[in-house]
Structures are given as C-alpha cells and as structure tokens.
Amino acid sequence: MKQPVKVLVLTGYGLNCDIETAHACELAGARAERVHINDVISGAADLFDYQMLVFIGGFSWGDDHGAGVIQAVRMKKHAGERIARFVEKGNLVLGICNGFQTIVNMGLLPGFDSDYQTRAAALTYNDCGNFRDDWVHLSIDSESPCVFTRGMTHLELPIRHGEGKLVAAGETLSRLKQDRQVVCRYAASDGSAANGRFPENPNGSMDDIAGICDPTGRIFGLMPHPEAFTHPTNHPEWSRRKEDLPPAAGLQIFKNAVVYMSR
Amino acid sequence: MPHRLEIALKPDLLDAEGRQVQKKAAAYFNMDIASVRCVHILTIDKDLTDSQQRVIRDDIFTNPVTQVSGYAPLDIDFDWCIWVGYRPGVKDNPGETAVEAIEDVIGERFVPGESVYTSRRYCILSDSMGIEDARMIADQLLSNDIIQQVRVFSAAEWDRQTGIGIIIPRVKLDHVPTVTTIPIDDDETVQKISDARNLALNENDIPVIRAYFSDPDVVAERAKAGLSDPTDVEIEYISQARSDHCNHNTFRGRFLYRDRSTGKVEEIDNLFKTFIEAPTLALQQKKDWVVSVLWDNAGVGRFDENHYYVITGETHNSPSNMEAYGGAITGIVGVYRDPLGTGKGSKLVMGSYGYCVGEKNYAGELKPRLHPRRLLDGVIEGVRDGGNKSGIPTPYGQVIFHPGYMGKCLVFVTALGIMPSLVNGEPAEQKTTSPGDLIVMCGGRVGKDGIHGVTASSESFSEHTPAGHVQIGDPYTQKKMHDFLLEARDEGLIQYVTDNGGGGLSSSVGETARFSGGCHVRLEKVPLKYEGLDQWEIWVSESQERMTVAVHPDNEQRFMALSRKHAVESTVIGTYTDSGKLHITYEEKPCAFVNMDFLTRGFPQWVFEAEWTDPDDRGLFEPVVSEPSDYGALLCDMISRPNICSREWIARQYDHEVQGGSVIKPLVGRNRDVNSDASVIRPVLTSERGLVFAQAAIPFYSSIDAWHMTACTIDEAVRRLLAVGGDFDHIGGVDNFCWPNIQYDPAGNPDGKFKAAQLVRSCRAMAELCSQWEIPLLSGKDSMYVDGHLPGPYGEYRKVSALETLQFSVTGVLEDIKKCVTMDVKAPGDLVYILGETKNERGASEYYDRFGYTGRNVPQVDAQAFFTRYKAVTRAVKEALAASIHGIYRGGLGVHLALCAIGGDLGIFLDLSRVPAAEKWSNDALLFSESAGRFIVTVRPENKDAFEAIFSGLPCACAGRVTEEKILDISGVNRAPLCSVRIDDLRYAWKKPFGDLL
C-alpha cells in the first residue's frame, strides 16, 4: 500500500493555526504532525521523514520586531541548512500568513536563481493602520509554476493580519511577474484587479500581491488562510446559499500539494 | 556600555502608524499635522562587540527592503519629536522577545541586570503646532504617565549626536527582603496597620484575627514553628482571602430589604446561595449536560460524548480605567487562564468583549483621567492584541455609551474552552491535590505587579521605582504556557491546575492546599523579575501569565522536560501536605504558619440595608410627546445613534476566525456588514456540532427598575441565541454584575440603600427567570464599586456612579451547524412575520432617550408566555422553516427591520396594523417600543402553512414581505403610507458615525 504524504506543521512560540492546518492536510489525504519548532531544531523530529513543511499562521515571538522576523532568524540559524536540502530534494514548503512573513524573511522566497538566503521582499504594516479580518477574492495565475494552485483561477479566503502589505524593489517586482511567481492577487468579486482599492486589496500590497512562489513552484507563501476554509460553513455567505453550499475551496491548495507529492 | 538602536521605515514608504497619530490628532484636537514618522528604539543594556552590534542590527532588527536603522540617531526631519518609553518595572514584551532573539543570534546569555528596553519617538512635521500642542499629543494621545515617561524635543533643542540620550528604566530596589511582625495588642493598632499598609481589612474581621493569634493553643503551635505575633505575610494572606474580590462578601452578605411602597420587610441571607447556587444546583439535577458548576475557575457543560465545553466571564474595570490598553489586555489574557485552569485544563476556543464607557465625544466640564474616546481606543486595542496574539477568535461583543461610565468604565471579557471528557482515562473535570504532590509555578516571573490592585498611590513614583499596580498582559508568554500545559495534561502529568490571578500565589496555593489539607511553600524558590521583593510581596504579587500546578513527584522530570521544550519557565516552589497548616518559609526561616481552616470559620457576614421605592413613588411618568410626522428622518437618526450604529471597525480588528471553526461571524449579510444576533463556532473540527454564544446588557432600564433590566437582559441574550438556531432546551448562563457601591453612608453614599435594593431585585429576577427557563448559571462574577470621583472646573470632585449593570452571556450546543440561520433577509417575496406582542413599553428606551426622557413603562418579561414561544422558535429552526430570524432589541421594531433589510440588501414592506399588539396605540409606539420577547422572521412562501402551524395560537402575524426594490416601506396603523426610506440611506446612516475608523 502506498504511504500517505507526511506533512510537518510547525508549532510553538506563539504560532496558533496548528490544529486547523493539520486538519486541512488530513482532509486532503495527508498525514499531518504538529511538531514544536524546538523539536525540529534539536532533531528530535527528522525533517526528512516528511514531504511537506508548513510554516503556519500566528504571532511568532509576539511579532514584536516585525512579523515573522525572529522565527526566521531562529529557523535560518538552526535549521536553515536542513530546510535548503529539504527543498533541494523536491519537497514542498508552504507559508501561510505569519509563515509567509517568516519564509520571506528567511529568503526562501522569492528564491531567484536558487538563492534561498536573500531577503528581497518584505511584508509590512497594512496601509489601513489596523489588523484586519475580512474575506477577500483572489485571482490566481494559472500559468504560475506554483504546484499548490494548479488548475485554480479564483478563490475566496479570509485574511487576518496587521502586516500583509508586500513591498519589493521595482526590479524584484518585474522579475516576480515575468517569472509568473506572483501566484495570487487581491481582486474584486468579479475577478478583475483590485488595483490597490481598499478593502478589495486589504493592506495596500504592491500590485495587489497576496502570494508568491519560488521559481520551482514548490515553495509557496500567501497572506490569506486556506486552512480557514475547509468547511462550507466557513464561508461568510453560506447561510444565504443553503441549497447550493459553497465548496470548501481552501482545501484545494492542500489537495494539490498531496497530489503533487504522491505523483 | 548600553547601545541604542533606532529603526524606521524607509522614507518613501507610507508610515501607517504615523498616519494613525496624524488622524487622531486631527479628529480629537483639531490639529493640522503634515506628517508623523515613527522611530522604534531598542536600548540594549549589555556590552556588545562591534561585530555583535552589526549582526544584531542586520540579521534581526532591520529589514533591508523596508527599513533603515542605526546606533546613532536617525536623521529624520521634524518640528517636534516626542519620545515615549516605559517606566521602570512596566512589562516590556517587545524588550523580552528582543532579548531572546539577541541571545540566540550572538550565542550569549544576558546576565541579571542586563536587558533590552523598547521605546518610540515620533517625528512630527507641522507648521502650526506649539509646545502646548506637542505636550497635548504626548500626554493625551501617545502616553499614559502611569506606565510611561515622555520627553518632548523641539527641532532647535535636538542634538543630532546624542538624540534622546540613553535612558535605562531598570528597577533598582536595594532592599533586603524582610518579614515584619504585626502587633495585635488591640483592634485600633491593627486597624492603623491595615490603613498604613493598604490592607483594607474589614473592621469586623479584626477581632476574629486577633482572637485566633491570641488563642493559647495557636500561640503554642506557632512558638514551636518559630513564630509569635502574626507576620506581614500572614496578615496579607488573610487580607487577600477576605477581600470582596476573592471572598465575594457582598454577594454572601445579609440583606435587610424593605419595600417603602408596600411596607413589606424581609431578610435575604446570602444572595449567592439564595439566587445563584440554589437554583443552579436544582437545575443540575434536571439537566444531564451540566457537568461541573460553582466550584472551579469556570463552569463545564457537555459538548458531545467525548468533549466538554467550559465558560466563564470576568471584568477588568478599575485597571482599564487607569490604563486602558494595559488593563484590557491584562483582562482578556487573564480570563483565558480560567478555562485553562478548569478541570485538568481546557483549550481556549473563543472570547468575547463588552465595553461600557462615557460618551465618545464628551465635551463637558468634568475631567476623567482618560477621555472616554481615548479610553475606548485603548481598551479596543488591548483586547485586540490579547485575543489575536493568543490565537483565540473574538467573534462577539458590544459597546455601550452612557455618562454613568465616566466615573469608571466597564470591560467585560468572556472565555470559552473545550476539553476532552477523559484525560488519560480519568474524568477531565475532576482534580485534586494530594500530600506529597509538588507545587509548581509555571509561566511568568514575579515582580511588584498588581500588589494591592490599583489602590497603590501614584505619588510614590521615582526614577527607579516600579510602576507595579498597572500591568500589561503578555499573550505570547501565555500562549506558550497554554500549549505546554495542554500537552502535559494529555500525558496525564497534571493532578491539579489553577491560575494565578487576584491574590497571586496567596490565593492559588491557599485554595489548592485545602484539598490535600496543607502545604509547605519555600518562597526563595519563586523566580523573580528583580531582586529586593519582601516575602509578603512575593506571596501576594499578581504578576500575570502564571499557573499553579500540582505535579506528582514521579512526573516531575517529564513535566519539566516538556516545559523546557515549550520554552516555559516552571519551578517547584513547595509541596502539598496534610499538616492542616499553610506553612511558608524563606531560606528555612518561618514566614507563615496558619491553620488551613482558619479562613472558613468565624468571620462575620457583611450586612446591608436595602430600601426599595417603586417607580411611581419615585415620581417617574410617561412623557407627553405627540406622534412625529417625519418617520424617514427619525429612522435614519435612530439607526445612527451611538448605542445602535455600526461598530464594524472593532469587529474587523479582531481575528474572529482563527482555529478554523467559524460558522456564524460577527458581521453577516450580503455585504457582510450587519451584526449577527449571536456567534457560532465549530470547536471540534471533525464534528458537525456547534457552540453558540451570545450576550446582552441593557443597563438603561435600571433607571426605572433593575428587576426588569435583569429580566430583559437575560431575555435578549436568550433570543439572540435562539435567533441563530440555538436550542431552548440547552442554555447555560454566565452572570456578570457590575454595580455601584451599595453600602449606605449618609455623606458618601446617600443612595446606597436604593442601590442595594436594586441588587436584591436583580438577583431575584435572575433566579426566577433562570429557574423557569431552566438556565443553570455555569459561571459568574461581580464587581461592586463602579463609582468615580471626577474633578470639575472649580477644584471640586463629583461622584459619578454607573447604572446598575448586568452582562448576561449564554451558550449552548447545536447538533447540526447547517441548521443555523442568519438575520439578513434572503429573497424577494419572502414573507415577513412579527413574532411576539408589541406593548407600549418605551420606558428608558432609545426613542425616549433621543428626546431626553426616561419615562415609566419599562419593558417586562412574561416568562411563561415567552417559554411557549421560544420552544416554537426552536422547532421552526429544526424544521428549517425560517429563512432569517432576528430579535427586536434596543431601538425597537423600526430599527431592527431596517437592519434585516440592510443585511439582505433588499427592501421590506411592513403593515404596522398587522403587527401583533394588544392595542394599536400609535405608530411611534409600535416602531420604537422595546418590548421583550419579539422576533422578525422571514419565511419562504412555500413554507407559510408549516410555519404558521407551529405558531398557531401564539402572537405571530405575517405583516409584510421582502421586496426587490431596496426600500423600507412602512404603512401605519391606519394602513396609510407612513414612510418610505431607501435602504442605502439607512445603511449610510448606520455606518456613518464610526465609519472613518475602519
């Protein structure tokens, strides 16, 4: 019998989406384990027993010095080399919200020219000046190499962050676009570009960017929370559509990952 | 040598934090500011090499894409620079995480005395601002002198080399810990010491204390233990345990109640036992889902075969009133420790909030410490950070504005948790301590925080004395502890767990040691934030984020290993015994030796005189107002009133869907912008069951009669729960009483007897209604001194007392979340039913308040009639016959019809002549009466017969329909058109007051 895909979901130090992220992975057919950051660092858990590593949402180290900053420093110093080999071996890395902020700070993204060290993008304070919880529409670049979004064109998900505005230098942005590394953008409900308009673009992110991947498409980071849409009743309008319940569309991201790793 | 690192956003990036300051300065003080740039400062009090400095700056604290930084002051242009930093001893959460990060990166530990202090400076560009304006922004927007220090620099004063200088707010006590003996020669001596030490001992308790310590047997035992007269540790312990906060002396008091209107006199011995405990215990016999009530940190109900839910509610009023952000974050993080400390521990799954403050735009002559708008800003942010950073959704809450809360604000925080019904094969809700178990303190360290609550004087500040009495909660430390304790629980390592809240170790160890029958605590083991605390301070400090755990010695090693893995500090501070004694030592020297049962015997009950005068005898009457003619304008005005209008800006700042189980969110409808009646979560992700939660507070009715305030509040909470699909057969209640002082004093509290009578009536109304509706009170708390003395323009102080306030929360279990209903109307053509009778009950209503009246006819609850009606509502939901359900609450039918239409982004036609009512008084009575027990329900035409069959014989009528055209179209009692208002206009009016805060 074929072994299920194994997913390592990081926990500890103020991270907080571990249970629902593991649940989403399980619903997608994977076997998920919640592992404390210190068990990864100490080697008590062997990263190479897994095929996917998820950096999850939360407030690592309280996010007091920039979201995801200290987690990135910690992981890079103590497990950076292992994570690089993990990626090299063809495994997957997903960063959601605080996890996205972390892997951007680690330099795993954008990962131009196999450089997984350089911080070339940043996620900074929302233009609105507040933490914000709201649902957004995402338009997905179906031509992106991202393996997590294959076959997807549009998705609704919740955002819940205070620092989600993606900022990068002009040449970095151009390269991201040119290489189709911009996986998803904030959009209006009809799928057209948000063009920076609030609240469709909830944080003022450059070019409406909500998520990016590395050139291989196996490292993916996004601000919205796919693990928070794994049941039809998560959708804010489900009670208006009881006859035709919305599918739990966030799950597709995890299913795609499982399909890719089971190939 | 200390190093000061300054970090700012690159100049071409928008500074969102600065822009908020700019916006508030404009809105609050009408100041014209061109720009504000924030500089984050880390003052690292540690010797560092050049390369260490570089690594710290580049690898941790500077984002190369967005930030600039330097150890010299950053060159940012300003007209005024305002620096804000903490006072010594105030919890600096970012400073602590900076230490963790630096230690990790440079591979070197900070030694005691070394630290990192964070602060900020704001660079303000403005042509028009003078020094007075800069001071005003510093003091009234950016800082609070209780916890922070401020410096203001003009451009001319600024030294580009030294900048703000090096400011190190380190605590230096230079004090040798000392146990002091308290002489007990006579009552007067003890009273004097109580006053001098701020112990607040009740004068009737003093003879009991003296008698105990003079008892020859006690004297002999104590002599053997090396003690004579009581020590300050012992007296502080007794004072904490006997405080109203810990012992609930008011609720356990004896009330002599006299009804002046009827002459009837009666005595109520113990409000808690009579009106809370007795009815709840009776209901526990009837309701098998009630698992554990009235003894633990929170109440426990059954969620499903394998899980229990846990609920409790708290207030954190006085601290929030002094320092809004710190008080509120400490409040929410604190209440989250209650479910964590219930049974063997439960996981937190939801929180809610309730804020009562003065009028947001108050422009009168009284000067509260914090203006209501500033207080509200701080409280909102405190709960936001406390909830969001804990990873717990905050999907529900309310805000109430009333001048009575200017004296003291109210901050309600409620917490729900979930636990497996069995832990390691044992019932999860049960726990005990046994002789030999280790007393372990987990989490934060102990400082002078919260000693004697907020009564400590602010005059004692000096440069290096800790500002101990106001705290700042630390959700990060607590989240780590939460994850650790749940893992330890699941491994069966926890015998008992409870939180350290009011009274600190004194309460938590004192109470848990009652199970084993004694304890021996070694105070020198308790980890401290800084040296120099006296023994009694260690014992009663309320430093946050701490739990006390009983661990079997065999499990010590494993427990400590898990604690290290989670980066949580845990320390064995003593042992539970069966000696019958609370025994405390410090480096082997005795500090306390008191009989465990001393606190449970012999203390006199508090006594209150309560005098009731009914509203007629108090001269209340209905105002004389003719029917208005412009209902369109009136409706728009009503819906934009501060106590009704949209609070979207708060709901959106709170993460309300973390944990992935969100079912009914705080904002619902087509545009997701109207408040839902209640919230529903799915706390067990593999289950289709839900947990429904709602709360209500309608303090306004107390100005007529707290009895009806109470009944209507409970009724509203229940209707909210029913409206989303809650089951009337399974409702657990939580009561949070916030009352002004009820102890009569002819000069200081001349209406104390009336307020006491209001409390008796409120408790009795709650007991009667909860018994009839079979709502056990799973948990509750009281906060009894909601009064303030505010300075006026002539140097006088005026007492301002809050309305007698009850916040009532309800929860229940839903078998199938897909049966949930939301309040927004769904489709054109759906029929609009009004359920429940509208009576002429506008007393203390929003409508009368619009005209400055109180009135007389307060809404009343008919428990029996509503019982039948609510059962029918539950049935209609179970049979999926309702397309939308919404309760009619504050503001009345007109306001709530409008909200249903806004939610659905459709129109409604309503014929007032068909609304169930005993009499058709007038259109304004029907539209703005706040009669209890009513709902607006929409029904698809094909469900008409089935729906009406359920409600046959009940006051229920089809009075209108949902329309495609987005208009609220109402015809009057005479069937003539009354008003026709565009839904867009209503929405605009509803959102306008606070819309720009989003």
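Me: How many Å apart do the C-alpha centres of domain 2 and domain 3 of chain B lie?

Reply: This is a predicted model, in which local features need pLDDT of at least 70, side-chain atom pairs count only at pLDDT 80 or more, and totals for chains, interfaces and linings use all residues. Residues are numbered from 1 along each chain as its sequence is written, while chains are lettered from A and ligands numbered from 1 in the order in which they are written. The domain assignment (bounds from an automatic or database assignment) gives chain B domain 1 (3-154), domain 2 (187-251) and domain 3 (821-998). Between the C-alpha centres of domain 2 and domain 3 of chain B, the separation is 58 Å.

Me: Which element of chain A gives the largest share of the side that touches chain B?

Reply: Counting residues as in contact if their C-beta atoms, placed from the backbone, lie within 7 Å, 51 residues of chain A meet 54 residues of chain B. The largest share, five residues, comes from H3(A).

Me: How many charged residues does the side of chain A that touches chain B have?

Reply: The classes are nonpolar (Ala, Val, Leu, Ile, Met, Phe, Trp, Tyr, Cys and Pro), charged (Asp, Glu, Lys and Arg) and polar (the others, Gly among them). That side of chain A has 18 nonpolar and 20 polar residues, and its charged residues number 13.

Me: At what angle do helix H20 and helix H21 of chain B pack?

Reply: Among the residues that meet are B:Trp707 and B:Ile714 in H20(B), with B:Arg761 and B:Leu769 on the H21(B) side. By class, this contact has eight nonpolar, three polar and one charged residues. Axes are lines fitted to C-alpha atoms, for helices over the stretch in contact, with angles from 0 to 180 degrees between N-to-C directions. The axes of H20 (706-723) and H21 (752-772) of chain B are 7 Å apart, and the angle is about 35°.

Me: Why does helix H7 of chain B lie largely in the open?

Reply: A residue is buried if 20 or more other C-beta atoms lie within 10 Å of its own, exposed if 12 or fewer, and partly exposed in between, with C-beta atoms placed from the backbone. H7(B) spans residues 216-225 and lies largely in the open because, of its 10 residues, the number buried is one.

Me: What is the bridge partner of B:Val497 in E20(B)?

Reply: An open sheet of seven strands in chain B runs E18-E20-E17-E21-E19-E22-E23, with mixed pairing. Its edge strands are E18 (496-499) and E23 (589-595) of chain B. Four bridges join E18(B) to the antiparallel E20 (546-551) of chain B. In E20(B), B:Val497 has as its bridge partner B:Val549.

Conventions:
Contact = placed C-beta atoms within 7 Å. Helix = DSSP H or I, 4+ residues; strand = E, 2+ residues; numbered from the N terminus. Pairing = 2+ DSSP bridges.
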